[in-house]
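Let's take a walk through a protein together, one stop at a time. Have a look at the sequence and the 3D view first, and then read on.

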Amino acid sequence: MTAGLNLLGKFIRLVYTDDDVGGAYPTGTVLYENISGKIAPLSFNGMNPTDLLGNQGLETKRPLSGMFWPGTLAIREQDEFEVTSPPNHRYFGQRFRVTTLEYDGNHPDQKRGHLLVTLVKSDIAHSNPFQ
């Protein structure tokens, strides 16, 4: 792991394929594995963004901020990140969807570049884990 980063994970791109009855179901393609990163709650000047939106009558998922290395990852919005290590991490085995991303100002050839993203917890609608 890179210094300052406390987890390893993989980026997954979801692709929707047709099933035999005319519906669609998500399948994932692993883009990158063993990516060093750090995930933390996102705050706006010490204020909870869900409180601000709740006051307006909107429901939203709590956003998280993520920092990943290397900064040359070619990911897109709506890709997912799954935490794969360490096993005692609070988000181990959970998936997060990328909502926004930005690259830092370093040149792509420099190894110190990072990728900064905003994440929300990914939930699969209508999933049936018992089948």
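**A buried arginine to start with**

The side chain of R13 reaches the side chain of D79 in a polar contact of 2.9 Å. (A polar contact is a pair of N or O atoms within 3.5 Å; within protein, one must be able to donate a hydrogen and the other to accept it, and residues adjacent in sequence count only if both atoms are side-chain atoms.) You'll find R13 in strand β1. Strands (E, at least two residues) and helices (H or I, at least four) are DSSP runs, numbered from the N terminus. Is R13 buried or exposed? R13 counts as buried, because its relative accessibility is 17%. The cut-offs are these: buried means under 20% relative accessible area, exposed means over 50%, and partly exposed is in between, with a 1.4 Å probe and protein chains only. Leaving out residues up to four places away in sequence, R13 touches T27, G28, T29, L31, A74, I75, R76 and D79. Touching, or contact, means heavy atoms within 4.5 Å.

Before going further, a word on what you're looking at. This is a predicted model, where local features need pLDDT of at least 70 and side-chain atom pairs count only at pLDDT 80 or more, while totals for chains, interfaces and linings use all residues. Residues are numbered from 1 along each chain as its sequence is written, and side-chain values use heavy atoms, with hydrogens and water left out. As for pLDDT, that is the predictor's confidence in each residue, from 0 to 100. The protein chain averages 79, and 70% of the residues score at least 70. Where is confidence lowest in the protein chain, and where is it highest? Helix α1 (residues 49-55) has the lowest mean, 56, and strand β4 (residues 80-85) has the highest, 95. Where pLDDT is low, the predicted coordinates should not be read in detail.

Now for the strands and who sits beside whom. Two strands pair if DSSP finds at least two bridges between them. β4 and β5 are antiparallel, with 3 bridges, and here E80 stands opposite R97 in β5. Next, β5 and β6 run antiparallel and are joined by 7 bridges.

β3 itself is worth a slow look.

The largest one here has 16 residues, and F11, I39, F68, F81 and L119 touch the most other members. The elements giving two or more residues to this core are β1 (7-18), β2 (24-41), β3, β4, β5 (95-103) and β6 (115-121). β6 provides the largest share, 3 residues. Leaving aside neighbours within four places in sequence, L119 has contacts that include I39, F68, F96 and V98.

The rings come next. Rings of Phe, Tyr and Trp (its six-membered ring) pair if their centres lie within 6.5 Å; planes under 30 degrees apart count as stacked, over 60 as edge-to-face and the rest as tilted. The structure holds 4 aromatic pairs. One of them is F11 with F81, a tilted pair at 4.9 Å centre to centre and 55° between the planes. F11 lies in strand β1 and F81 in strand β4, so this pair ties together parts 70 residues apart in sequence. F68 and F81 make a tilted pair too, with 4.4 Å between centres and 50° between planes. Ring pairs link F11, F68 and F81 into a cluster.

Our last stop is L73, in the loop between β3 (64-69) and β4. L73 is buried, with a relative accessible area of 3%. Setting aside residues up to four places away in sequence, L73 touches F11, Y32, I35, F68, Y103 and L115. L73 and L115 are 42 residues apart in sequence, yet 7.5 Å apart in space, C-alpha to C-alpha.

How values were computed. Core = buried A, V, L, I, M, F, W, Y, C linked by side-chain atoms within 4.5 Å.
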